[in-house]
Amino acid sequence: MRSVIDILDLTVEEITDLIATADDIIANPAKYAEKCHGKKLATLFFEPSTRTRLSFEAAMYELGGHVIGFSEAQSSSAAKGESIADTVRTVSCYADIIAMRHPKEGAPLVASMKSGVPVINAGDGGHNHPTQTLADLLTIHREKGRFSGLTVGLCGDLKFGRTVHSLINALSRYEDVRFVLISPNELVLPEYMKTEVLERKNLTYRETTDLEEAMPELDILYMTRVQRERFFNEADYIRLKDSYILTPDKLLNAKSDLCIMHPLPRVGEIAGSVDDDPRACYFKQVLYGKYMRMALILKLLEVA
Ligand code: NCD
């Protein structure tokens with residue numbers, strides 16, 4: 001029984017296989033329509049979600065399986081004070097696989113230690129979000145055909161943005177990936193990510209506060225939302241929330257094959273007028289997330 005709590009729980013070879021499976025699902029969806037017949041996925045969401053929860057659910061339905069779960073802590077026994085451990089032991093009696101999102105860093109890891117079935121981390125606080133990274137990797141792979149040799153700009157809330165942390169971890173395993181970290185000084189990438197990941201692996205990176213200055217060199221621009229729910233103080237959020245707003249004029253010096261990504265939801269970081277630019281990939285990214293979750297469910301349930 002295998003859980004995925006961190007993107008590094010999957011080897012590079014396994015990620016290559018998941019991408020190949022997702023590509024095959026896209027090409028031959030009918031082949032997969034009954035693969036999870038009789039299986040149940042439980043979605044345990046203690047934090048808000050649109051894409052992650054619904055794409056997990058759509059993924060399971062498209063594999064012929066069923067879905068149970070809850071979408072807010074208030075409607076579960078967590079509201080009565082039940083521990084994660086007891087909740088997950090209970091749910092493993094009903095479901096074959098669990099996707100869990102929780103505001104506390106490490107909660108899905110604790111759950112995986114108590115669960116009788118695989119647990120997938122669907123986002124834990126400001127820490128990790130491995131299945132968003134799978135969506136991101138499929139997007140990059142389908143757009144660029146490779147990971148190596150890319151210059152990746154990560155822009156916005158690099159401090160609390162869990163999608164950024166997981167994506168850096170994933171890309172750190174490929175050759176010659178360069179990172180440009182674009183954020184206000186208050187929202188820079190956590191020190192542990194710089195020392196434990198970027199510096200330990202001798203990756204090239206630089207930090208800047210200026211998106212337009214960085215634009216010309218980027219192959220990927222990964223925009224993120226300022227994570228309001230992780231701030232201690234609303235005034236700081238309000239001061240920082242509009243630090244970066246991508247508009248068509250800011251793309252004038254960008255590469256013609258730039259890939260613009262965002263895990264969504266956006267709350268102003270990308271103007272609607274960018275959506276018609278052929279370089280905007282964020283809605284493809286949403287769709288690809290479903291296919292990668294299908295591939296991951298098949299893998300963890302060991303369905304051939
Ligand atoms: C992200 C998350 O939950 O971390 N959303 C998502 O899953 N697509 C990004 C965010 O909330 O800003």
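Q: Hi! Which residues touch the most other members in the largest nonpolar core?
A: Hello! This is a predicted model, and in its largest nonpolar core those residues are Leu154, Ile168, Leu171 and Phe179. The core holds 59 residues.

Q: Which helix gives this core its largest share?
A: Helix H10, spanning residues 282-300, with 9 residues.

Q: And what does Phe179 touch, leaving out residues up to four places away in sequence?
A: Phe179 contacts Val152, Leu154, Ile168, Leu171, Ser172, Leu198, Leu203, Thr204, Tyr205 and Arg206.

Q: What about the second core, how many residues are in there?
A: That separate core has 21 residues, including Leu246, Ile260, Ile270 and Ala271. As background, nonpolar side chains in soluble globular proteins tend to be buried together.

Q: OK, switching to charges. How many salt bridges turn up in the whole structure?
A: The search finds 24. One of them pairs the side chains of Asp23 and Arg142, at 2.6 Å from N to O.

Q: Where do Asp23 and Arg142 sit in the chain?
A: Asp23 is in helix H1 (residues 12-27) and Arg142 is in helix H5 (residues 130-144). They are 119 residues apart, so this pair links distant parts of the chain.

Q: Are those two buried, exposed or partly exposed?
A: Asp23 counts as partly exposed because its relative accessibility is 25%. Arg142 is also partly exposed, with a relative accessible area of 36%.

Q: Now Glu47: which residue does its side chain meet in a salt bridge?
A: Arg230, at 2.9 Å from N to O. Glu47 lies in the loop between strand E1 (40-45) and helix H2 (51-62), while Arg230 lies in the loop between strand E8 (220-223) and helix H9 (234-240), so the pair ties together parts 183 residues apart in sequence.

Q: Is Glu47 buried or exposed, and what about Arg230?
A: Glu47 is buried, with a relative accessible area of 8%. Arg230 counts as buried too, because its relative accessibility is 12% and the cut-off for buried is under 20%.

Q: What does Asp219 form a salt bridge with?
A: Lys255, with the closest N and O atoms 2.9 Å apart. Asp219 sits in the loop between helix H8 (211-214) and E8, and Lys255 in the loop between H9 and strand E9 (259-261), 36 residues apart.

Q: How accessible are Asp219 and Lys255?
A: Asp219 counts as buried at 9% relative accessibility, whereas Lys255 counts as partly exposed at 29%.

Q: Last one: which residues are linked in a network of salt bridges?
A: Arg178, Arg206, Glu213 and Glu217.

Terms used
Residues numbered from 1 in each chain as written. Predicted model: local features only at pLDDT ≥ 70, side-chain atom pairs only at ≥ 80, totals over all residues. Heavy atoms only, no water. Core = buried A, V, L, I, M, F, W, Y, C linked by side-chain atoms within 4.5 Å. Buried < 20%, exposed > 50% of the residue type's maximum accessible area, 1.4 Å probe, protein only. Helix = DSSP H or I, 4+ residues; strand = E, 2+ residues; numbered from the N terminus. Contact = heavy atoms within 4.5 Å. Salt bridge = Lys/Arg side-chain N within 4 Å of Asp/Glu carboxyl O.
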